[in-house]
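My notes are below, in the order in which I looked things up.

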Amino acid sequence: MSKIYLVGIGPGSTDYITPLAFKTVKLADVLVGSRRALQLFPDYQGPTLELRAKNMDEMMDQTVKLARGGNTVVVLSTGDPGFSGVLKPIQNLARDVEVVVVPGISSLQLCAARLLLPWDEANLLTLHGKGNSAPIWDVIDNGRPTLVLPDFRVHELAQYLLDNGADPWRQVAVGERLSYPDEKIFHGTLEEAAHTEFSYLCVMVIY
Ligand SMILES: C[S@@+](CC[C@H](N)C(=O)[O-])C[C@H]1O[C@@H](n2cnc3c(N)ncnc32)[C@H](O)[C@@H]1O
């Protein structure tokens, strides 16, 4: 029977890809992923579909059609597919197709590890692609650290919080380009974060 495998590939470096992810890619009739994700599997020589920010919906539709047509489709998802990943869109489209999740190490997990932060009592939040940072107010003052994937850039989220009355001295950390050779960990205040240039690949922690 045809299946869609949603495979977590970790935060970016091959070191964080599980052996099961490599095994699952070998089952693919078609491999789907961003260019960055596909490049992590140079041994795979079969057909691919490249995911881009602008063709996401179309590629998800195609993934489901290919699976309905009898193909085993493997979709590569940064970090873990179940956190701000491809699980939700695929579930919404493909109730009639068997879906298997191969978990990966989330960028949030690696960020928590770098900061020696036990994350069993943290708020975990994604604003990625939401176009609106307001959901952060539901959790930010409940006494727990918040690990958040910003909607766009860290400095914009920091400025949004400041503009809406957050304490400029509040401590924050940022895990930037985690697992890559140029990974950086920032510690500072909310005010400092609002005036710092960060790359797009960041996890922000608000203490
Ligand atoms: C669509 S979400 C995917 C999250 C992913 N499913 C996960 O579990 O990490 C993409 C966002 O994850 C974060 N991210 C992914 N890889 C990262 C990395 N290597 N370092 C820091 N943040 C990362 C960034 O905030 C990025 O904008």
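**Entry 1: ground rules.** I noted that this is a predicted model, in which local features need pLDDT of at least 70, side-chain atom pairs count only at pLDDT 80 or more, and totals for chains, interfaces and linings use all residues. Residues are numbered from 1 along each chain as its sequence is written.

**Entry 2: the whole chain.** I found 7 helices and 10 strands in the chain. Helices (H or I, at least four residues) and strands (E, at least two) are DSSP runs, numbered from the N terminus. The radius of gyration is 18 Å, close to the 17 Å that the globule rule gives for 207 residues, so the chain is as compact as a globular protein of that length. This radius is taken over C-alpha atoms, and the rule is 2.2 Å times the number of residues to the power 0.38. Along the principal axes, the C-alpha atoms fill a box of roughly 55 × 30 × 30 Å.

I also looked up burial: 38% of the 207 residues count as buried. A residue is buried if 20 or more other C-beta atoms lie within 10 Å of its own, exposed if 12 or fewer, and partly exposed in between, with C-beta atoms placed from the backbone.

**Entry 3: two domains.** The chain is divided into domain 1 (3-102) and domain 2 (107-206), with bounds that come from an automatic or database domain assignment. Their C-alpha centres lie 27 Å apart. The contact takes 9 residues from domain 1 and 9 residues from domain 2; two residues are in contact if their C-beta atoms, placed from the backbone, lie within 7 Å. On the side of domain 1 that touches domain 2, I read 3 nonpolar, 5 polar and 1 charged. Here Ala, Val, Leu, Ile, Met, Phe, Trp, Tyr, Cys and Pro count as nonpolar, Asp, Glu, Lys and Arg as charged, and the others, Gly among them, as polar.

**Entry 4: helix H6.** In H6 (residues 154-163), I found Val154, Leu157, Ala158 and Leu161 buried. They are on the same side of H6, because they cover an arc of only 100° around the axis, the arc being that of the directions from the helix axis to the C-beta atoms. The buried residues pack against strand S8 (171-176), helix H7 (190-194) and strand S10 (202-206). Gly165, whose phi is positive, near 100°, follows H6.

Entry 5: Most residues other than glycine have a negative phi. Leu116 has a positive phi near 55° and lies in the loop between H5 and strand S6 (123-126). Leu116 is exposed, because 6 other C-beta atoms lie within 10 Å. Arg177, also not a glycine, has a positive phi of about 50°. Is Arg177 buried or partly exposed? With 18 other C-beta atoms within 10 Å, Arg177 is partly exposed. Arg95, in the loop between helix H4 (87-93) and strand S5 (98-102), counts as exposed with 9 C-beta neighbours inside 10 Å.
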